[in-house]
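Dear colleague,

Please find below the structure for your review. The notes that follow it set out what was found.

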Amino acid sequence: MKYLPLIWAELFRRKTRTILTLLSILAAFLLFGLLNGVRESFVQAGKSAAGASRLQTASRLSFIDTLPSALTSRIERTDGVQKVTYANWFGGAYQDPHNQIFSFAVAPNYLDLYPEIEVDPKQRAAFDNTRTGVLVGEGLMKRFGWKVGQKIPLMSTIFPNRDGSKNWSFDIVGTMRPAKDASAGWYDQMLLMQWKYFDESTPYNRGSVGWYVVRVADPAQADRVAKAIDALSANSDHETKTQTEAAAFASWMKQTANIGLIVGSIMGAVFFTLLLLTGNTMAQAVRERIPELAVLKTIGFRDGSVLGLVLAESVVLVLIGGVLGLGLAALLGPVLEAGSGGNLDLPPVGWRSWSLGLGLMVAIGLLVGALPALRAMRLNIVDALAGR
Amino acid sequence: MKTLKSFLRGAGLFLLVVGGIAAWLALPWPFLLGLLALFALWMLLTRRGRQAGSVTQVGVSTLRQRLGASSVVVVGIAGVVAVLVAMLAMAEGYAETLRKSGSEDTAIVMRGASAAEVMSTLDHDSVLVVGQAPGIARDAQGRPLVSPEMVVAANLPIKGGAPDEDGSVQLRGVGPMAWAVRPDVEIVAGRKFATGRRELVAGTGAQQQFAGLEVGKSIRLGNQLWQVVGIFHAGDAMDSELWGDADTVATTYRRGSSRTSITAKLENPGAFKAFKAALAGDPRLDVDASTTLDYFSKQSEQMTKIIRIIGIVVGAIMAIGAIFGALNTMFATVATRAREIATLRALGFRSVPVVVAVMLETMLLALLGGLLGGALAWLLFNGYTASTIAGGVGQLTFDFRVSPAVLWIGLKWALAIGFVGGLFPALRAATLPVTTALRDA
């Protein structure tokens, strides 16, 4: 610790070079912060504690196929099932059919199974009592500038209303917020309406259900319960497939895009370049300072201390740039997200990104510092002072 | 006062650079070719141009001594270009696959306000009415080239996935006219499905994604067994689909005699207007017609835009990093060559040749980096097969397409980075007082 001023002085011996290198490192870690957040949110999605005890039961044939609502009571009676709810895909869009919204028609007890979604009790009661009421995620509210109490027109890309048109109108009765300690995920962009209103209004549904959500009493028993539920409809016209929410979500994400691979390749390219760049800077820095290092050795610094000094210098260099970069990513993420008008979902830089990032910084710092540090350690005092 | 002046000069330079880069990235290639020609003429014909040429030669010939530092510029820029080109090639491949699926002289008819085929429903009567609309081409026997189709999604096991892991595939129930409406679709193995039986033909793209799609094998749709009897190839989005008999598919999905969409071959692209007007004017119908080109372009629009934006944002951040790397290297280069440059200027060389020489050297390294990055992206990703959920329904397989246009964009970025990375060191080299430089170095 007492060498910190020395390291600092060495670092800023050539201001231009150090600052330019710092800015490069900053750019690399800014990118890391933004991309890793996206990757994490994909990995973590559906993995919440509440998600582990939830199962999804959908048609085995296809996700667009519906199930009879009569299954509700039969699933409820299955051993190990605590609570059952159901939902339908509404296929809502605002203003343009391509401007789609995650909109579901849900059973009255739907929110009971999702403790990670927080709704003001008064608004919840309003939702239960208003036929045309909808609850809207915070992010979605912001995206379209909606307010509680407003009447909004939505078109369904699938279901006609009773009058045969695809235009529906709803009253916003409340906002959904992520509960404490829960990540917003896509609940933020969701819209919920009463299943009963939906079912009675469209001539197309006639009491069918898109999928069931089941809470099991014991998550360890999830597989057994899933099999038991699927056995209820085996060999019928409506065979079901039940899986944990995490598995369902992971499979969906995997089909959408291999995010891990894309982010991995980009970060690989970025860090490879960064290694070369910072390595070059450190090599230059040590080359310039050979006589000084020799002096240090002459006045009694041991080989190990010199090695440590150079290594520490490169680690500090990467740490400063990296922390600034991640900090900038934390600041810039929300700005970018707001600027994209809901097209881009950039989660905040979480502790996972910070710890992984800090680990990477130290590793990169050690790696790029290694060769110059070894060179500094092996210096022969006489040769170095003579400039040979 | 002095600081204000230098600040203003810096700000002016910055604005100039930003404007220049924007123009550079936006201008089409003939302009740039003209600029290049002008520059070449200047180099060849004027005295300063020739001076710049010889100073550049000296710089380039000593590049080998600065191999490590120079490679930082090359590799840094190669990284930016490779990532940018790969992302743009992904967007390009995706858009291209869907664009190829449509044409101007085929129309697709769906229920109004349906974003995708799978969301639409047309009852039997509407199907018959649409078939009588004017402007539809007829085959040799005089039958209208109209194909009412039933598009649904089906769950199938993914190749290489966990035992119980399903993916979603688009299943298209078609009638005999489907093959005539889409002449590109070709059976490459086995045979066509027979009407009225649970038989399927699978596209080559779907075959890559899902397990069990081999001629002669059976797959499970819900609680039914369907036999795969053939494999087809069309070279577009159809390749990611399964095709079966429309009535049999409708029965399996309990859709009766309704259909989801109608694809019709028109007499010529000009006939679309009248066709659309006739459908819109018919009180019995509530349908939207669009050309398939339009329909498929719309499908790809948002996704392509998102991939492009991500590519450009990521590329821009990487480019900023690479600019600082290039600046670093070139400042070091100028510093090591300070005495040499000062000597030249003492001999009477003006600053313009010196600036041009340093810039040229950087641009050369940048060009090298751009070519390297482009080549890398091309080798790794051209033809790389990826898939995603398209239209919210089924897996769509598409190939990355590293097209010349995409490579050109990558090269332009590389040169822009080289330009900025070389400009400031060049200016420093040209403005450093000769006496100081000669004494210090």
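Strand E5 (residues 102-106) of chain A pairs with strand E10 (residues 190-194) of chain A in the parallel sense over five bridges. Here helices (H or I, at least four residues) and strands (E, at least two) are DSSP runs numbered from the N terminus, and two strands pair if DSSP finds at least two bridges between them. Within this pairing, A:Ser103 has A:Leu191 as its bridge partner. Strand E7 (residues 133-137) of chain A runs antiparallel to E10(A), joined by three bridges, and A:Val134 has A:Met193 as its bridge partner. Because five of its five residues are buried, E10(A) is largely enclosed by the rest of the structure. A residue is termed buried if 20 or more other C-beta atoms lie within 10 Å of its own, exposed if 12 or fewer, and partly exposed in between, with C-beta atoms placed from the backbone.

Please note that this is a predicted model: local features need pLDDT of at least 70, side-chain atom pairs count only at pLDDT 80 or more, and totals for chains, interfaces and linings use all residues. Residues are numbered from 1 along each chain as its sequence is written, while chains are lettered from A and ligands numbered from 1 in the order in which they are written.

As to chain A overall, it contains 14 helices and 13 strands, and 41% of its 388 residues count as buried. Its radius of gyration, taken over C-alpha atoms, is 29 Å, whereas a compact globule of 388 residues would have one near 21 Å; the globule rule is 2.2 Å times the number of residues to the power 0.38. Along the principal axes, the C-alpha atoms of chain A fill a box of roughly 95 × 45 × 35 Å. The chain is divided into domain 1 (4-45 + 258-386) and domain 2 (61-238), with bounds from an automatic or database domain assignment. The C-alpha centres of these two domains lie 47 Å apart.

A:Gln95, in the loop between strand E4 (92-93) and E5 of chain A, has a positive phi near 70°. A:Arg206, in the loop between helix H7 (195-201) and strand E11 (208-209) of chain A, has a positive phi near 50°. Most residues other than glycine have a negative phi. A:Gln95 counts as exposed because it has 10 C-beta neighbours inside 10 Å, and A:Arg206 is exposed with 10 other C-beta atoms within 10 Å.

Turning to the interface, 43 residues of chain B are in contact with 42 residues of chain A, contact meaning that the C-beta atoms of two residues, placed from the backbone, lie within 7 Å. On the chain B side, helix H10 (292-336) is among the elements that supply at least two residues, and its 14 residues are the largest share.

The largest nonpolar core has 230 residues, and those with the most contacts inside it are A:Leu31, B:Val85 and B:Ile417. Such a core is a set of buried Ala, Val, Leu, Ile, Met, Phe, Trp, Tyr and Cys residues joined through C-beta atoms within 7 Å. Leaving aside neighbours within four places in sequence, A:Leu31 is in contact with A:Val270, B:Val314, B:Ile317 and B:Met318.

Yours sincerely
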